[in-house]
Amino acid sequence: MENIGKKYTARAHTNIALVKYWGKENEELIIPANSSISLTLDEFYTDTSVIFDSTLQKDLITINDEITDDKKIINFLDLIRKKAGINLYAKVESYNHVPNSAGLASSASAYASLATAGSKAAGLELSDKELSMLARRGSGSATRSIFGGFAAWNKGTDDNTSYGYSIEDPVKMDINMIAIVLNGNPKKISSRVGMKISYETSPFYDSWIKQTNDDFSTIENAIKNGDFSTLGKTAELNAMRMHSLTLSADPSYLYLNKDSLLVIEMVKTLREQGIECYYTMDAGPNVKIICQKNNIKPIINKLSNQFSQDQIKVSGPGEKVKLI
Ligand code: PMV
């Protein structure tokens, strides 16, 4: 237990799903209804420090220097305490280097870094697979942020069989993402609530599972074959298939806004002009454009007609989680 009383800091990068996770078979354990694939991004990450300290009377948690009593984080610390067989409180300091409300899942990098720093500080020595299973309990997408480059989350059926793994890291393919940070109100429907409504009420849910399993194989093969076009095309289709589960739910809801549709149209126009690029969106209005290096410039030029420079963020593939 020599780690107890020492502070450990971990850095984890966020990821964008190419095959989306949208729905849980088990809400408590966060067992998804389908396997998913993502690209970890280098530009956006979270640094989290944890120390278990016998002098603390309660958990002290700050995110970007603001104190929080977030029950989800405390429950997550309880999980670590239980695994390590300790009952000490922790001091947690987390800094998100993810643009505010960029629709870039900061919960993925947040829980991946908390799982890594927290387990180490509690004296646990976990493998990447075990870290991914722990991170999963905080946020589903965090399962994949333990890994760099192209990563997958094997759906599994229980706590021990639902984990992340690396498909390819470092990434061989020339691939980048351009995130367009659209100004919008904070989302009314969280991903947790949204996926529950879709899972329970969309009449298309069974078709989504069937189709998304095919999309998984297609993208996995595209990564292995270095086939950017198939990867981009399939990721775009998969994103729209996910968003169709929001429109077809009861009550129906929508994450996209008029600016999202504008960016989608821009991507289609760019493609007609011979500039290969694809779009994807998560549980928010912001659009991420998937492209290759030589097309970053013309895409940014086009976007600049409508959006300011600070709304446009370019990122390449990022690394796996690490202690710093
Ligand atoms: O991990 P959560 O609960 O933030 O859900 C993530 C959901 C999507 O970002 C829309 C898809 C995904 O696989 O990351």
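Strand 1 (8-19) is largely enclosed by the rest of the structure, because eleven of its twelve residues are buried, a residue being called buried if 20 or more other C-beta atoms lie within 10 Å of its own, exposed if 12 or fewer, and partly exposed in between, with C-beta atoms placed from the backbone. Helices (H or I, at least four residues) and strands (E, at least two) are DSSP runs, numbered from the N terminus. The model is a predicted one, in which local features need pLDDT of at least 70 and side-chain atom pairs count only at pLDDT 80 or more, whereas totals for chains, interfaces and linings use all residues. Residues are numbered from 1 along each chain as its sequence is written.

Strand 1 pairs with strand 4 (36-53) in the antiparallel sense over ten bridges, two strands being paired if DSSP finds at least two bridges between them. Within this pairing, His 13 stands opposite Tyr 45 in strand 4. Strand 1 also runs antiparallel to strand 14 (residues 322-323), to which two bridges join it, and here Ala 10 stands opposite Leu 323.

The protein is divided into domain 1 (8-171) and domain 2 (176-315), with bounds that come from an automatic or database domain assignment. The centres of the two domains, taken over C-alpha atoms, are separated by 23 Å. The contact between them takes 25 residues from domain 1 and 30 residues from domain 2, where two residues are in contact if their C-beta atoms, placed from the backbone, lie within 7 Å. On the side of domain 1 that touches domain 2, strand 1, strand 4 and strand 9 (163-168) each supply at least two residues, and strand 4 gives the most, with six residues. By class, this side of domain 1 divides into 15 nonpolar, five polar and five charged residues; Ala, Val, Leu, Ile, Met, Phe, Trp, Tyr, Cys and Pro count as nonpolar, Asp, Glu, Lys and Arg as charged, and the others, Gly among them, as polar.

The ligand is surrounded by 13 residues, of which the closest are Ala 17, Tyr 21, Gly 140, Ser 141 and Asp 282, a residue being near a molecule or strand if its C-beta atom, placed from the backbone, lies within 6 Å of it. The shell around the ligand draws at least three residues from each of domain 1 and domain 2, and its classes are four nonpolar, six polar and three charged residues. Tyr 21 has its place in the loop between strand 1 and strand 2 (24-26) and is buried, with 25 other C-beta atoms within 10 Å. When residues up to four places away in sequence are not counted, Tyr 21 touches Pro 32, Asn 34, Ser 36, Gly 140, Ser 141 and Trp 153.

Several backbone features fall in loops. Most residues other than glycine have a negative phi, and most peptide bonds are trans. The peptide bond from Asp 169 to Pro 170 is cis, with omega near 5°, and Pro 170 is found in the loop between strand 9 and strand 10 (176-180). A cis peptide bond also leads from Asp 250 to Pro 251, with omega near 0°, in this case with Pro 251 in the loop between helix 7 (228-247) and helix 8 (258-272). Asn 64, although not a glycine, has a positive phi of about 50° and is exposed, with 12 other C-beta atoms within 10 Å.
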